[in-house]
Amino acid sequence: NMHLKFLLKAVCLLLLLPSTRGYSGNVCAPDNEEPIVIIPAEQGSKHRPHSKAFVPFEANYNAGLASVLVRFIKDVGEVEISIRNLSSGEYNDYTINSKIGSIVLPISGDSGDYVITFTLQNGKQFIGEFSINDNY
């Protein structure tokens, strides 16, 4: 069963990869995709809502794939992406070339609070947060 689940996940990932254009019609996990709000790190989330900074990527957490799907809206060169589970300490680090358009980053899917950090080559950082609960 575990093997089947892994196989299913692999198939889903393969289906996702070629389509950089929004894959809302994703057969594998139609509904359990949750947008992750990404903000510039230096913008103390509360204070300056009017200075809306441009974020060159968007991210969704997909529970069906236990993955974070990142779409690059603009080519910003190499981006370092780290995903961290604050509850368990799990840590994933990736260096991605944003030219590829979109990327699927598998995570454990363990419940907890996660922080995803994007670091651009110029040192600019963006952060997003999401939570996973086990209540299926």
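These legends cover close-up views of salt bridges and of the nonpolar core in a predicted model.

Local features need pLDDT of at least 70, side-chain atom pairs count only at pLDDT 80 or more, and totals for chains, interfaces and linings use all residues. Residues are numbered from 1 along each chain as its sequence is written, and side-chain values use heavy atoms, with hydrogens and water left out.

**View 1. Arginine 71 and glutamate 33 form a salt bridge.** A salt bridge is a side-chain nitrogen of Lys or Arg within 4 Å of a carboxyl oxygen of Asp or Glu. The N to O distance here is 3.9 Å. Arginine 71 sits in strand E4 (residues 67–72) and glutamate 33 in strand E1 (residues 33–36), so the pair ties together parts 38 residues apart in sequence. Strands (E, at least two residues) are DSSP runs, numbered from the N terminus. Arginine 71 is buried, at 13% relative accessibility. Glutamate 33 is partly exposed, at 23%. Buried means under 20% relative accessible area, exposed over 50%, and partly exposed in between (1.4 Å probe, protein chains only).

**View 2. Glutamate 58 forms a salt bridge with arginine 71.** The closest N and O atoms are 3.3 Å apart. Glutamate 58 belongs to strand E3 (residues 57–62) and arginine 71 to strand E4; the two are 13 residues apart. Glutamate 58 has a relative accessible area of 36%, which is partly exposed.

**View 3. Lysine 99 and aspartate 75 meet in a salt bridge between two loops.** The N to O distance is 3.8 Å. Lysine 99 lies in the loop between strand E6 (91–97) and strand E7 (102–106), and aspartate 75 in the loop between E4 and strand E5 (78–85), so parts 24 residues apart in sequence are tied together. Lysine 99 is exposed, at 61%. Aspartate 75 is partly exposed, at 44%. Shared partners join Glu33, Glu58 and Arg71 into one salt-bridge network. The count comes to three salt bridges.

**View 4. The largest nonpolar core has 25 residues.** Such a core is a set of buried Ala, Val, Leu, Ile, Met, Phe, Trp, Tyr and Cys residues joined through side-chain atoms within 4.5 Å. Phe57, Val68, Val70, Ile81, Ile83, Phe118 and Phe130 touch the most other members. E3, E4, E5, E7, strand E8 (112–120) and strand E9 (125–132) each supply at least two residues. The largest share, four residues, comes from E8.

**View 5. Valine 68 and its contacts.** Contact means heavy atoms within 4.5 Å. Beyond neighbours within four places in sequence, valine 68 is in contact with residues including Ile36, Ala59, Tyr61, Ile83, Leu105, Ile116 and Phe130.
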